[in-house]
Amino acid sequence: MTSKSKKRKKIKLFKIFDIRKFAYDFIKWTGIFPVMLYMRLRINYVNRKKQGRMIKGRCIIIANHSSMSDPLVITSLFWLRRVFYLATKDLFAKRRNRLFFNAIGCIKIDNDGSNVKPFKDAAKVLEDDRCICIFPEGHIYQEGKVHELKLGATMLAIQTNSPIIPVYIQKREGRKNRQKVIVGEKIYVSDYTNNRFPSLDELEKLSELLHSKLEELRIKCE
């Protein structure tokens, strides 16, 4: 085994057994199985042959936002990976909540998206070949449709050259019913633009593309 391959193996093992993520891993592994039993996910894939729960490398997961339990659904769906979330600063207002969200690696963002630090923090997570989850609608909507998406996920994907995985979470009606989820194929924004600093018009068109992908998943999920 060469020194380079040994170094890669060491880095890979470090990512799996990362003491810095102990709080995240403890909360996840002690809570994930009760959550999975409670939700009883019914997972569908657009292309099952090409897709699977074990996603490799960096990615940005985008999903509709219909409930406060949506992050639990995403964590259960990709339970073999550490998924880090962008969360509005309102959730960090209370000390207890702040300790919890910091422990699980949430990245605090302003409601108006004016602060660039969260964007840089998210980029660092992706550069380390990890997963970020964004709910680009920006708010919880319970009408059962996909609302207009904010541009942050698109811009982050362009800047970090990260693929986007769209997920539609169907609103769960009653505890007796299983939680339905459908996962779309990876979207590479580089297939649609080579411009690392796209114009607002380009960003809006790409955001509309992501919206249409989520809407397609919604229709398939029904």
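**Close-up views of a predicted model**

**View 1. Residues of helix α6 that are buried.** In this predicted model, A153, T154, L156, A157, I158, Q159 and T160 are the buried residues of α6. Because seven of the nine residues of α6 are buried, the helix is largely enclosed by the rest of the structure. The packing partners of these buried residues are the strands β2, β5 and β6 together with the helices α5 and α7, the latter spanning 200-221. Directly after α6 comes N161, which has a positive phi near 55°.

**View 2. The seven-stranded sheet.** The strands form an open sheet in the order β1-β7-β6-β2-β5-β3-β4, and their pairing is mixed. At the edges lie β1 (42-45) and β4 (107-109), each of which pairs on one side only. On average, neighbouring strands of this sheet are turned by 25° against each other, direction ignored. Pairing of strands in a sheet, whether parallel or antiparallel, takes place through backbone hydrogen bonds.

**View 3. Strand β7 between β6 and β1.** In the strand order of the sheet, β7 stands between β1 and β6. Three bridges connect β6 (residues 164-169) with β7 (residues 180-183), and this pair is antiparallel. The bridge partner of V167 in β7 is V183. Strands β1 and β7, by contrast, run parallel and are joined by four bridges. V183 of β7 is also the bridge partner of Y45, while K180 in β7 stands opposite R42.

View 4. In β1, I43 and Y45 make up the covered face, whereas R42 and N44 make up the uncovered one. Y45, on the covered face, has V183 in β7 as its bridge partner. R42, on the uncovered face, stands opposite K180 of β7.

**View 5. Helices α5 and α6 against the sheet.** Helix α5 is itself among the elements against which the buried residues of α6 pack.

**View 6. A nonpolar patch on the surface.** The patch consists of I19, F22, F26, I27 and F100, which together have about 530 Å² of accessible area. Helix α2 (residues 22-39) gives the most to this patch, contributing three residues. F26 is found in this helix, α2.

**View 7. The whole protein as context for the close-ups.** The protein has seven helices and seven strands, which follow one another along the sequence in the pattern α-α-β-β-α-β-α-β-α-β-α-β-β-α. Of its 222 residues, 40% count as buried. Among contacts with a separation of 6 or more, 72% come from residues 24 or more positions apart. The protein exposes about 13500 Å², of which carbon and sulfur atoms supply 55%.

Notes. Residues are numbered from 1 along each chain as its sequence is written. This is a predicted model: local features need pLDDT of at least 70, side-chain atom pairs count only at pLDDT 80 or more; totals for chains, interfaces and linings use all residues. Side-chain values use heavy atoms; hydrogens and water are left out. Two strands pair if DSSP finds at least two bridges between them. Helices (H or I, at least four residues) and strands (E, at least two) are DSSP runs, numbered from the N terminus. Axes are lines fitted to C-alpha atoms, for helices over the stretch in contact, and angles run from 0 to 180 degrees between N-to-C directions. Patches are made of residues with over 30% relative accessible area and no salt bridge: like charges are joined within 9 Å, nonpolar side chains (Val, Leu, Ile, Met, Phe, Trp, Tyr) within 5 Å. Accessible areas come from the Shrake-Rupley method with a 1.4 Å probe; for residues, only the protein chains shown count as cover. A salt bridge is a side-chain nitrogen of Lys or Arg within 4 Å of a carboxyl oxygen of Asp or Glu. Buried means under 20% relative accessible area, exposed over 50%, partly exposed in between (1.4 Å probe, protein chains only). Contact means heavy atoms within 4.5 Å.
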